[in-house]
Every structure is written in structure tokens, then in C-alpha cells.
Amino acid sequence: MLSRSSPDPDLSSALPPAAVRCRGLIKRYDDVVAVDGLDLEVRSGECFGLLGPNGAGKTTTIEILEGLLEPDAGSVEVLGLTWAHGARALRERLGVQLQETRLADKLTVEETVRLFRSFYRRGRPVQEVLEAVQLTEKRRSWVSRLSSGQRQRLAVACALVSEPDLLFLDEPTTGLDPQSRRSLWELIERFRAAGRTVLLTTHYMEEAARLCDRVAIMDHGRILALGTPAELVASLGAEHVLEFSLADGGGGLSDAELRALPGVTRVRESNGRIALTVREVHTTVPALLDELRRRGASLASLSTHHATLEDVFMVLTGRRLRDE
Amino acid sequence: MSRLEHAPLAQLTLARIREFGREPEAVFWTFFFPIVLAFALGIAFRERGPERVWVGVQAGPGARALAAALQGADNLRVRVLEPAVAGEALRDGDVALVIVPGGARVTYRYDPTRPESRLARLATDDALQRAAGRRDRVAVSEEAVEERGSRYIDFLIPGLIGLNLLGTGLWGVGYTVVRMRTGKLLKRLLATPMRRSHFLLSFMLARLGFLAAELALLLFFAWVAFGVGVRGSLATLAFIAALGAFAFTGVGLLVASRARTLEGVSGLMNLAAVPMWVLSGIFFSAEHFPDVMQPFIRALPLTALVDALRAVMLDGAPLAATAGWLGIVALWGAGCFGAALAMFRWR
Ligand SMILES: Nc1ncnc2c1ncn2[C@@H]1O[C@H](COP(=O)(O)OP(=O)(O)OP(=O)(O)O)[C@@H](O)[C@H]1O
Ligand SMILES: [Mg+2]
């Protein structure tokens with residue numbers, strides 16, 4: 001259920017060795033604590049997601065793990081090696097896509113991937129990688145002539161071309177159209193199905209829910225909750241969310257009265273919208289409507305959905321993951 | 001090809017060459033700017049046979065006779081000026097000397113610190129005295145010598161080659177590196193097992209790809225347009241130029257090693273280049289500077305490089321004779337490269 005990741009000596013001997021393990025990670029920038037005492041363990045062969053809003057510290061965390069940033073405190077172990085000792089061997093085995101990289105404008109797609117391929121001792125053929133990210137048609141285009149989504153896919157191609165054991169993806173699907181996003185999801189799934197490890201960051205909960213074996217929800221440099229997407233949603237104690245607002249903006253029911261409705265486990269209000277976390281929609285909705293009718297209040301809107309990671313985040317922080 | 005495909009240094013160098021070659025402006029400044037400059041300076045300072053200077057005769061009684069007497073002089077051109085404008089013409093350099101008639105005595109008005117004015121005074125005096133009946137006591141005959149290799153353009157071309165090597169070394173590297181830094185491409189490269197020295201070396205090797213073309217074009221132009229030749233061996237010249245290109249690319253890498261903005265790197269490049277433009281004897285001999293500055297000037301890489309280029313082009317010096325200069329150039333290159341590698345900022 002909702003649990004801080006904590007080292008569990010009994011379990012770790014039974015499970016495959018951790019791909020990433022860090023303890024007490026801290027990174028400060030002047031007055032901001034970007035990463036605030038973070039413990040994390042990514043198991044070998046899993047797809048692990050860091051989910052959090054802007055400024056949560058996802059990029060800072062992932063760049064520390066990639067050996068690109070020096071933490072102020074804490075220890076990092078990647079694939080059983082440390083950055084102080086095994087840096088070169090480690091880089092051979094990692095694939096990295098940074099949140100933003102401006103690749104050389106005047107090189108073609110193919111030249112760019114071939115350049116990255118040349119840095120590694122082993123790897124995949126360039127054409128095969130271009131095929132995988134669907135850039136074969138564009139292979140002779142200059143990078144400066146690509147759309148932003150195509151550039152994003154090129155960045156992923158550069159991360160994949162070394163055939164890494166561990167793939168770091170920092171917001172890989174931001175800026176992609178739905179179709180490209182889905183095809184990148186499939187690519188990540190294939191990669192993981194081959195027994196390799198992925199650590200990705202995202203602020204799309206549906207992405208985390210679909211791709212990730214486990215998800216850590218992050219805010220203000222800390223992990224608020226960690227588990228499989230199903231576990232996290234189940235931790236709400238209910239499966240549905242019922243949102244409504246009233247026509248006159250108020251005069252409705254009190255918190256306690258709402259909580260007394262059948263099947264309601266949580267009540268939250270923000271900007272005049274009331275969100276109820278409920279076990280069964282079909283018992284709660286009629287009761288709510290009856291109650292409102294009795295008081296002469298009229299509905300402005302009513303909607304229900306399956307509880308998602310977004311709702312988990314809202315419950316944990318009282319905020320939305322993204323500004324809609 | 002497939003061997004090259006997996007050689008990171010080769011791929012990095014190819015990338016540099018491609019990026020440069022696909023940037024029309026960079027190509028223009030590298031290849032054509034020095035030619036434009038050589039052309040302009042070559043025209044401005046071309047040998048015009050015996051020098052003719054303008055002198056002015058101030059209008060007044062006797063002016064006409066004076067002007068007529070001077071008309072016959074080989075190296076003078078004469079005009080008559082109203083007193084009101086004579087001073088201004090002298091100040092502006094329209095005339096090098098003003099002759100003020102005054103009965104039996106004429107006055108030469110000129111600035112004795114200007115070589116042209118001193119020449120004008122001698123020629124004017126000579127012409128006037130002869131016209132007045134002076135006879136030469138010593139018989140003289142003249143022998144004009146115009147040797148190739150001793151003209152200004154001969155002096156200038158090796159300087160321009162050096163200047164261009166400096167320019168492309170600095171500007172070809174500085175902006176590219178800073179752009180890669182601000183675009184986080186350096187950080188991305190740091191995340192690969194790429195050797196950092198390979199990255200820096202690729203800039204030096206890529207210069208070789210263009211150097212041959214750059215050098216050939218400028219030498220060919222100088223030969224066709226001004227008849228500037230190379231006395232020494234072309235291979236020696238090419239070797240020296242390659243060493244210079246390496247060294248200045250090293251300087252460029254050092255200059256760009258920490259800068260975070262284009263403005264910052266631009267300032268640093270000017271800081272590195274301008275003293276050498278002025279001091280290293282490109283446009284006039286560095287000997288003109290005071291003795292106390294000479295050791296410093298001699299230690300500059302551009303001075304040493306241009307001295308070596310001139311020795312080969314003008315005097316036909318063999319490679320061994322330029323060893324001292326080349327040592328200085330190589331030291332600068334290696335020192336800057338090492339320093340750049342040590343202090344390079346990758347993010
Ligand atoms: N170089 C820096 N200098 C100063 N502050 C920084 C720097 N990099 C990050 N920060 C701060 O650290 C915090 C965490 O930033 P980080 O980039 O890790 O967030 P993130 O979760 O990746 O956000 P996003 O979803 O927007 O990418 C933010 O408050 C940010 O302002
Ligand atoms: Mg980020």
C-alpha cells in the first residue's frame with residue numbers, strides 16, 4: 001500500500017539486484033531544495049515512473065542518477081556501480097534522454113544517431129533504431145527541419161542506439177501527438193519486455209499507469225507515495241470519483257453531511273467543485289440527488305470517473321498534477 | 001567506411017566538418033574574407049612606379065611661374081590654391097606641401113614628420129633650383145630595382161594567412177562550443193562514454209579538412225592577382241599552416257572552455273585576438289614597437305607563425321630554419337589544449 005520505499009533486507013535477497021539504489025539524496029540550489037532526502041530503489045527489469053508536477057525535482061533526481069549532477073548529500077548506486085568508481089563502464093550501459101537537448105542543427109537524423117552509436121562499444125544498427133522511432137523517412141533531414149515531436153523521438157533514438165541495460169527517459173512524451181505518444185509507449189514496452197530496465201519521469205498519470213510497474217509520486221523533492229499504479233489507486237479506499245458543482249455556488253451540503261452519504265470515503269472541495277471519492281457510483285448518486293432535491297439546490301455539473309493516479313496526487317497534496 | 005563508422009573521433013570530426021560546411025556564412029568568412037582583404041590592401045598599396053605627390057602653390061604674384069617650373073618635375077603634381085584653402089588642403093593631406101611665393105624668396109610650408117611631405121620638399125626644391133639655373137656637380141645614373149618578394153603585398157600575404165588561421169581557430173570554435181553548452185548538447189555528450197579529449201580534438205582535426213582549400217585559394221589568388229610566389233617548399237608552408245591551425249583552435253577551445261553566453265565568448269575571443277592583430281606584425285613590421293615590448297611580441301603565437309610563414313614564402317627558408325618559431329606555436333597549441341581539457345565546462 002502507501003509506503004515509503006525502505007530497504008528490506010529479507011526481500012532484496014530474493015529479488016533480482018536493484019538497477020538503481022539511492023539513499024538520502026539531497027540537492028540544493030541557493031534557496032530551493034530541489035531534492036530533499038530521497039530514497040529510491042528501481043528493480044532490475046521493471047519500468048519505474050517518477051510522477052510529479054512541475055518543479056517536483058524529477059529532472060534533478062534523474063540527472064543525479066545519470067551522473068550528470070553532483071548531489072549535496074546521499075549515495076547513488078547504478079547497476080551495482082558508483083559514479084566515483086565505475087563511471088566509464090556505467091556510461092556504456094546507460095541510455096539517456098534529457099528533458100531538453102538541442103542536437104546539432106546541421107546534421108541529419110541519420111548522422112546524429114550514427115555519431116551517438118560511435119561512442120559505444122556495442123549497440124544496435126542505426127537503421128533499426130530509426131525504424132523503431134519511426135524516423136526512417138526523415139533520416140536525411142537536418143535536425144533543424146524536424147518538428148518538435150520528431151526531435152523528441154530522435155533524442156529517444158540516441159538513447160536507444162547503445163542498446164542500454166538501463167534507460168533514463170525524462171518526460172519522453174511531452175510535446176508528442178497522441179499517435180506518436182502511443183507508438184513511443186509501445187517502444188518502451190518492447191524494451192522492458194526484453195528484460196531491460198526503464199526509469200522515466202512524467203506528469204501524465206495515464207502514461208505512468210499504463211507503462212510503469214511501479215510509480216513514485218513526487219512533490220517538493222520528496223516521495224509522497226510509492227507502489228504499483230493499482231496499489232496507489234486502491235489506497236484511496238474507493239474506486240470512483242464523483243465531482244459536482246451547484247448552480248448557485250453554495251447553499252449545499254456540509255462536509256459532514258456529504259460524508260454521511262452512502263459509499264463516500266473522502267470529500268474535497270476546490271473552487272466550488274466538490275469531489276467525492278466513492279465506492280459505488282450507483283448507490284451514491286441517487287442519494288446525493290435526493291438530498292439536493294430536498295434542499296431545492298440544483299446541479300450545475302456532475303461527472304464521475306474511475307479513480308486515477310491524478311486523484312491519488314490530489315488526495316496527497318490537495319493540488320492537481322497539471323494545470324488544466 | 002564501416003571502420004570509420006564506429007570510430008568516435010572520426011565521427012566527431014565528420015560532424016564538425018559537416019556542420020561547418022553546411023553553414024554558408026562561416027564558409028564565406030573563412031574562404032572569401034581573406035581574399036577580399038588581400039585584394040583591398042593589395043590595391044591600396046600596390047606599387048605605382050615612381051611615387052608622385054601633390055604639392056600646392058599658393059595663389060599670388062609669381063605663383064604661375066613657380067607652378068610652371070614645377071610642372072616638369074617627374075615626381076610632382078602641382079595645383080594652384082587660393083590662400084584661404086591652402087591651409088586646409090595641407091591639413092587634409094590633399095597636398096603634401098604648400099609653396100608660398102614671395103619675390104626672391106619662397107617659403108615651403110609642410111609637416112616635417114610626414115615622409116610624403118619631406119619627399120615633396122626635396123623634389124620641389126630640386127626642381128625650383130634647377131629651373132633657376134643650378135647645375136649638378138656630380139654625374140649620377142639610376143638603376144631601378146623592383147624585386148618580387150620585397151613588395152608590400154609580398155609582406156602582407158603571409159600575414160593574412162596567419163590572421164585567417166587565428167580567425168577561424170577562434171570564431172570557428174567559440175560560438176559552436178557555447179551554443180552546444182547552452183543547448184545542453186555538451187551535457188548530453190557527457191552522458192555517453194565519449195572521451196572528452198576526442199571531442200576537443202575533433203575541432204582541431206576538422207580544421208585540417210578546410211585548411212588545404214583555404215590555403216590553396218588564398219595562395220592562388222595572391223599569385224594570379226599580384227604575382228606573389230612561394231620561394232620555399234609548398235609542403236613546408238602547408239605543414240606550418242597546419243600547425244598554426246592546430247594552435248589557434250587550441251586557443252579557441254580554451255577561450256570557449258567556460259563561457260556560458262555568446263556575448264561572453266565573443267568578448268573573450270576579441271580579448272585574445274585583438275592584441276595579436278595589432279602587435280604580431282600582420283600589416284606592418286612588429287619591429288616598429290619599442291624594444292621593451294619585443295620579448296612579449298615575439299612570444300605571441302601569431303608573431304611566431306607569421307615569421308615562419310614569411311621565412312618560407314619570402315626567403316625560401318627550409319623547415320629546420322623555422323624550428324624556433326614553430327616551437328613557440330606548438331607550445332601555445334599544446335598548452336591551450338591541455339588547459340581547455342582540464343577546465344572545460346560540460347553543462
Ligand atoms: N540549475 C538550477 N538552478 C536553480 N534552481 C534549479 C536549477 N535546476 C532546478 N532548479 C529548481 O529545482 C526545483 C526542481 O527542479 P526540477 O527541474 O528537478 O523539476 P522537475 O520535476 O523536473 O520539473 P518539470 O516537470 O518542470 O520538468 C525547481 O524548483 C527548480 O526551480
Ligand atoms: Mg523536469
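Strand E1 of chain B, residues 53-58, and E2(B) pair in the parallel sense over six bridges, where helices (H or I, at least four residues) and strands (E, at least two) are DSSP runs numbered from the N terminus, and two strands pair if DSSP finds at least two bridges between them. One of the residues in this pairing is B:Trp54, whose bridge partner in E2(B) is B:Arg77. The model is a predicted one, in which local features need pLDDT of at least 70 and side-chain atom pairs count only at pLDDT 80 or more, while totals for chains, interfaces and linings use all residues. Residues are numbered from 1 along each chain as its sequence is written, chains are lettered from A and ligands numbered from 1 in the order in which they are written, and side-chain values use heavy atoms, with hydrogens and water left out.

The two strands belong to an open sheet of four strands in chain B, with the order E2-E1-E3-E4 and mixed pairing. Its edge strands, each of which pairs on one side only, are strand E2 (76-81) and strand E4 (107-109) of chain B. From one strand to the next the twist averages 25°, with axes taken as lines fitted to C-alpha atoms, for helices over the stretch in contact, and angles running from 0 to 180 degrees between N-to-C directions. In general, strands of a sheet pair through backbone hydrogen bonds, either parallel or antiparallel.

Helix H5 (residues 83-92) of chain B lies across E1, E2, strand E3 (97-100) and E4 of chain B, and runs at about 140° to E2(B). Helix H6 (residues 115-131) of chain B also lies across E1, E2, E3 and E4 of that chain, running at about 60° to E1(B).

Chain A has an open sheet as well, formed by three strands in the order E2-E1-E4 with antiparallel pairing. Here the edge strands, each pairing on one side only, are strand E2 (32-43) and strand E4 (73-78) of chain A. Neighbouring strands of this sheet are turned by 15° against each other on average, direction ignored. Strand E1 (residues 18-29) of chain A runs antiparallel to E2(A) and is joined to it by nine bridges, and within E2(A) the bridge partner of A:Ile26 is A:Asp36. Helix H2 (residues 58-65) of chain A packs on the sheet and touches E1, E2 and E4 of chain A, its direction making about 125° with that of E1(A).

What ties strand E1 of chain A to strand E4 of chain A? The side chains of A:Arg21 and A:Glu77 meet in a salt bridge at 3.7 Å, N to O, a salt bridge being a side-chain nitrogen of Lys or Arg within 4 Å of a carboxyl oxygen of Asp or Glu. A:Arg21 lies in strand E1 and A:Glu77 in strand E4 of chain A, so the pair ties together parts that are 56 residues apart in sequence. Over all chains, the structure holds 35 salt bridges.

In chain B, 24 residues are in contact with 27 residues of chain A. The two chains bury about 2600 Å² between them, 59% of it on carbon and sulfur atoms; buried area is the accessible area (1.4 Å probe) that two parts lose on being put together, summed over both. On the side of chain B, the residues that lose the most area to chain A are B:Arg22, B:Arg188 and B:Pro193, together 29% of what that side buries.

Across this interface the rule finds five salt bridges, and B:Lys187 forms a salt bridge with A:Glu63, their closest N and O atoms being 2.7 Å apart. The elements that give two or more residues to the side of chain B that touches chain A are helix H2 (8-21) and helix H8 (185-190) of chain B, and H2(B) gives the most, with six residues.

B:Tyr152 is found in helix H7 (residues 152-182) of chain B. The C-alpha atoms of B:Tyr152 and B:Leu41 are separated by 9.2 Å, although these residues are 111 residues apart along the chain.

Methods
Contact = heavy atoms within 4.5 Å.
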